[in-house]
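Subject: Structure handover

Hi,

Here is the structure I promised to pass on to you. Please have it open while you read, and my notes follow below.

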Amino acid sequence: MSVPQKTALVTGASRGIGAAIALNLAAKGFAIVINYRSDEAAAQDVARQVRELGAECLLLRADVANAGEVGAMFAAIDARFGQLDVLVCNAGVLRDTLLGASEAADFDAVFAVNIGGVVNCCREASRRMVSRRRGVIVNLSSVAATRPGRGQSNYAASKGAVEAFTRALAVELAPRGVRVNAVAPGVIETDMTRDIRMLAPDELNRRILLKRVGSAREVAAVVGFLCSDEASYVTAQVWNVDGGFKAE
Ligand code: NAP
């Protein structure tokens, strides 16, 4: 008897860490749903790489900050696959500014995506996973939640909220067979960190025990583990993948 293929949705998978997670899960045999917001060409390129690994792939554009668009995305997943086994809430934005120089809109924009997007996607996924009494959710936090840099009050607060939300949702969903964890990367080589890596390489190395930034693949490996049955006794945790990042 053939085992039905499991399905994983990765938000913000058109590049960076999200793309690496999509490829990691595709290699594990999941059918992959790639979500992106704006860069369709980049998302198509990731979809091609997923299919080269032999996995089915569905590409869905949606702004995770928009509950209506997220609802439509989940309806499209229901129609194509009929089930969702794994949700990885990876989509995130960075808008570093000193608080005194910031506008209310800076905080709002970061919160809308980084925690609003996580809540929108987890609400839809949890309804489906609870009714099947199985599922896995992994949310992307950041080292900034516990060891922030200057100008990161909006980003750090949004990621702190992701960690608190993750633990609370894990409590809610554990009795229904659904595991919920977070991964908190340090400084990873993606578009998001290009400026800081160029402007302050010495300061970064001073704070990283392993004396180098990480790769998206190194984060994806931990996310992939948490999504797998190998992690069947892990829930309500935040896993740091940061090379040993020190506080200021
Ligand atoms: P990135 O290279 O900037 O890529 C961000 C991805 O998120 C893109 O695919 C982008 O899609 C998507 N996205 C942004 N806003 C979205 C929205 N509203 N709806 C749907 N998709 C959206 O970022 P990254 O470095 O890979 O980071 C991925 C996650 O890890 C984020 O949550 C980030 O906060 C976290 N993180 C990263 C680092 C790091 O060092 N890189 C460290 C700690 C935590 P489009 O391009 O199509 O708009």
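Let me start with a helix pair: α4 passes α5 in a right-handed crossing. (A crossing is called right-handed if the near helix is turned clockwise from the far one by less than a right angle, and left-handed if anticlockwise.) Before going on, please note that this is a predicted model, in which local features need pLDDT of at least 70 and side-chain atom pairs count only at pLDDT 80 or more, while totals for chains, interfaces and linings use all residues. Residues are numbered from 1 along each chain as its sequence is written, and side-chain values use heavy atoms, with hydrogens and water left out.

Helices and strands are DSSP runs numbered from the N terminus, with helices being H or I of at least four residues and strands E of at least two.

**Helix packing**

Two packed helices are described by the angle between their axes and the distance between the axes. The axes are lines fitted to C-alpha atoms, for helices over the stretch in contact, and the angles run from 0 to 180 degrees between N-to-C directions.

For α4 and α5, the axes come within 9 Å and cross at roughly 15°. The two helices are therefore roughly parallel to each other (angles under 35 degrees count as roughly parallel, over 145 as roughly antiparallel, 65 to 115 as roughly perpendicular and the rest as oblique). On the α4 side the contact, meaning heavy atoms within 4.5 Å, involves D106, F107, V110, F111, N114, I115, V118, V119, C122, S126 and V130. Their partners in α5 are S153, N154, Y155, A157, S158, K159, A161, V162, F165, L169 and L173. By class, this α4 and α5 contact has 15 nonpolar, five polar and two charged residues. (Ala, Val, Leu, Ile, Met, Phe, Trp, Tyr, Cys and Pro count as nonpolar, Asp, Glu, Lys and Arg as charged, and the others, Gly among them, as polar.)

Helix α4 (residues 104–132) also meets α3 (residues 67–81), where the axes come within 9 Å and cross at roughly 35°. The crossing of α3 and α4 is right-handed. From α3 the contact takes in A67, V70, G71, M73, F74, A75 and D78, and from α4 N120, C121, E124, A125 and R128. That contact of α3 with α4 has seven nonpolar, two polar and three charged residues.

Then there are α1 (residues 16–27) and α2 (residues 40–52), which pack at about 20° with their axes 9 Å apart. That angle makes α1 roughly parallel to α2, and their crossing is right-handed. Here A19, A22, L23 and A26 of α1 meet V46, Q49 and V50 of α2. The contact of α1 with α2 divides into six nonpolar, one polar and no charged residues.

**Aromatic pairs**

Rings of Phe, Tyr and Trp (its six-membered ring) pair if their centres lie within 6.5 Å, and planes under 30 degrees apart count as stacked, over 60 as edge-to-face and the rest as tilted. By this rule the count comes to two aromatic pairs. The rings of F107 and F111 have centres 5.6 Å apart and planes at 25°, so this pair is stacked. F107 and F111 are four residues apart in helix α4, and so are separated by about one helical turn. F107 is partly exposed at 24% relative accessible area (buried means under 20%, exposed over 50%, partly exposed in between, with a 1.4 Å probe and protein chains only). F111 is also partly exposed, at 28%.

The pair of F225 and W239 is tilted, with 5.6 Å centre to centre and 45° between the planes. F225 lies in helix α8 (residues 216–227) and W239 in strand β7 (residues 238–241), so the pair ties together parts that are 14 residues apart in sequence.

**Some single residues**

R207 lies in helix α7 (residues 201–207) and is buried, with a relative accessible area of 5%. Not counting residues up to four places away in sequence, R207 touches R147, P148, G149, G244, F245, K246, A247 and E248.

R150, by contrast, is exposed at 68%, and lies in the loop between β5 (135–140) and α5 (153–173). Leaving aside neighbours within four places in sequence, R150 is in contact with L98 and E248.

Finally, R133 has a positive phi of about 60° although it is not a glycine. R133 is found in the loop between α4 and β5.

Best wishes
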